[in-house]
Amino acid sequence: MPNDASNPVTIVLGFDYGTKRIGIAVGNSLTGSAQALDVIQNINPDQTHQKIKELIHEWQPSCLVVGLPLHPDGAEHAMTKRSRSFGQQLGKQFGKPIHFIDERYSSVLLEQDSQYQGALDSHAAGLLLEQFFRERS
């Protein structure tokens, strides 16, 4: 995603999906960096949808990035399917392109640092976005 006069800065929202919590971060293609935004308690589907809708309206992202959990060997498992389904639903509901990013080690890196306790999911979403930007530069 190189930037020039014909390719303006792209805003992207990232999601670290979990059955209990969804971490959300925002990033932009100019800096290739991301910032943790919020953690949504994934208890009530209507409330979850409403909060995501509000964030998409506020940030107007050009696309959405969803973490794809995999086994260390790259094999898929039950959460991989749930995350993929979550991303596909986002794409349909909000009409945004969806990109899936391997998230095998994003949370593991953050769990070792006490400064991320309580906001681990949103910071993991930020790492996913930064990886997304690196892979496209």
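Let me start with the rings: Phe15, Tyr17 and Phe86 are joined into a cluster by ring pairs. Two rings of Phe, Tyr or Trp (the six-membered ring for Trp) pair if their centres lie within 6.5 Å; planes under 30 degrees apart count as stacked, over 60 as edge-to-face and the rest as tilted. The structure has 3 aromatic pairs.

Before going on, a word on the source. This is a predicted model, in which local features need pLDDT of at least 70 and side-chain atom pairs count only at pLDDT 80 or more, while totals for chains, interfaces and linings use all residues. Residues are numbered from 1 along each chain as its sequence is written, and side-chain values use heavy atoms, with hydrogens and water left out.

Now the overall layout. The protein chain has 4 helices and 5 strands; these are DSSP runs numbered from the N terminus, helices being H or I with at least four residues and strands E with at least two. From the N terminus the order is β-β-β-α-β-α-β-α-α. Of the 137 residues, 39% count as buried, where buried means under 20% relative accessible area, exposed over 50%, and partly exposed in between (1.4 Å probe, protein chains only).

Next, helix 2. Helix 2 covers residues 78–94, which is 17 residues, and spans 25 Å from its first C-alpha to its last, close to the expected 24 Å. The expected span is 1.5 Å times one less than the number of residues. Which residues of helix 2 are buried? They are Thr80, Ser83, Phe86, Gly87, Leu90, Gly91 and Phe94. Seen down the helix axis, the buried residues fall within an arc of 135°, so they line one face of helix 2. That arc is taken from the directions from the helix axis to the C-beta atoms. The face turned away from the buried side carries the exposed residues Ala78, Lys81 and Lys92. What do the buried residues of helix 2 pack against? Their partners are strands 1, 2, 4 and 5, together with helix 1. After helix 2 comes Gly95, with a positive phi near 65°.

Last, Asn42. Asn42 sits in the loop between strand 3 (33–41) and helix 1 (45–59). Its relative accessibility is 16%, so Asn42 counts as buried. Leaving aside neighbours within four places in sequence, Asn42 is in contact (heavy atoms within 4.5 Å) with residues including Tyr17, Gly18 and Thr48. Tyr17 also belongs to the ring cluster I began with.
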